[in-house]
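Student: Could you take me on a close look at the enclosed space inside this protein, and at what sits around it? I would like the cut-offs spelled out as you go.

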Amino acid sequence: MRVIVTDQSLPGFAETHRIQRARYPAAEPGWQPVHTVYVPADRVSPSTVAGWGAQALDLVKEHLSGPAELAHVFGLPDAPARDVHERLLRKLAREPVEDLRIDFEDGYGGRPGDEDGHVEQAVVAVAVMHAAGALPRRWGLRVKSFADGDPGRSVRTLDGFVTGVVERVGELPPGFVVTFPKVLMESYLGQFCGFLERLERELDVRLRFEIQVEAPQTVLFLRGELAESFGGRLAAAHFGVFDYTAALGLPPHEQRLDHPACDHARHVMQTAFAGTGVELSDGSLAASPASRSAADVHALWRRHAELVRHSLGHGFYQGWDMHPSHLVSRFATVYAFHLAHYDSYRDRVRAWEERRAAGGGVMDEPATIKTLAAALHRADAALALPD
């Protein structure tokens, strides 16, 4: 006997499917910055972004004078090295920073009595950059952690900053996000989100936040429904390598992004947020060139490039940069990564669309084609320069 399947014969299916579509929208990846530049609040000024770009360009002119030297430092063939070198110069001159995070936490330190003044300083910097068209496409601040035991300081900083920007600019410019660090207790997320909701109502703005995964305790409660439960406010999860490895008791010389313990944390982050639209970002390298000598600058670039390639190979397309020198190795490595396979990915997608065999005996599955198309979309976004 044939069974006619209806909602009544599968009770609860319609609601479950609705939840699935809300939790895992499976949308095409949008633009995501390739990095977050991390600047302590007391050092932020209207010239911060331009200054980082100028310093990075000076290093390129001094220690990466042409495609041949770039090929030598980053291990690239001559042809892509020429393309990467040209793109690198244009990027550093036109958009050296894609995402700026003004830091009021670890990079800023404990400064009782100083924070309100630096909030105002940061507000002025943002307003001036916005008026000049120099505010990065993504920008925001990192507040102090609730785990420190003083949530009032965290929310006062956020309130003062957002209110100040809205009052000076007349709106909250696009691209704003607030970083919520050291989330040791899941309940902190709901408490912080509740404050965001109240601030939204008072200022008539929309606020999104990113969490930092900096402790093994955080990894244990990551799951896809977190994004859904906060009304779409959870924008991203950023990995914090130094707090995480310290919390595990790793020796200082093993506190590095490519440690297997960090790979595990990143894989949990990917598993938890796959299909949710929550962006993922890797952490940083806490090092700058030991001197201005070519040997020291090249050594720094090579090590940073190794870590960026490691992140990219693990599906983390964004990371944190903490020094102008990192911009050079970041963009050079990202460009080389996307250019290396772009043509072959495009040809395989075209072969699938045209119902013909791809070259080299490749037999692509539908899931692979979706991944190839997403990779091309991501590469187009990373390689493009704004007008």
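Tutor: Happy to! A search of the whole structure finds one cavity of 30 Å³ or more. On a 1 Å grid over the protein atoms alone, a cavity is a set of points where a 1.4 Å probe fits but cannot get out, and a lining residue has an atom within 4 Å of a point. Grid points are joined across faces, edges and corners, and the volume is the space filled by probe spheres set on the points. Before going on, please keep in mind that this is a predicted model, where local features need pLDDT of at least 70, side-chain atom pairs count only at pLDDT 80 or more, and totals for chains, interfaces and linings use all residues. Residues are numbered from 1 along each chain as its sequence is written, and side-chain values use heavy atoms, with hydrogens and water left out.

The largest cavity holds about 40 Å³ of space. Its lining consists of Leu257, Asp282, Gly283, Ser284, Leu285, His304, Leu307, Val308, Ser311, Gly319, Trp320 and Arg330. Helices (H or I, at least four residues) and strands (E, at least two) are DSSP runs, numbered from the N terminus. By type, the lining divides into five nonpolar, five polar and two charged residues. Here Ala, Val, Leu, Ile, Met, Phe, Trp, Tyr, Cys and Pro count as nonpolar, Asp, Glu, Lys and Arg as charged, and the others, Gly among them, as polar.

Ser281 is found in strand E7 (residues 279-281), and it counts as buried because its relative accessibility is 0%; buried means under 20% relative accessible area, exposed over 50%, and partly exposed in between, with a 1.4 Å probe and protein chains only. Leaving aside neighbours within four places in sequence, Ser281 is in contact (heavy atoms within 4.5 Å) with Ala237, His238, Phe239, Met269, Phe316, Gln318, Gly319 and Trp320.

Technical notes:
On a 1 Å grid over the protein atoms alone, a cavity is a set of points where a 1.4 Å probe fits but cannot get out, and a pocket is an open set with protein on both sides within 12 Å along at least five of seven lines; lining residues have an atom within 4 Å of a point.
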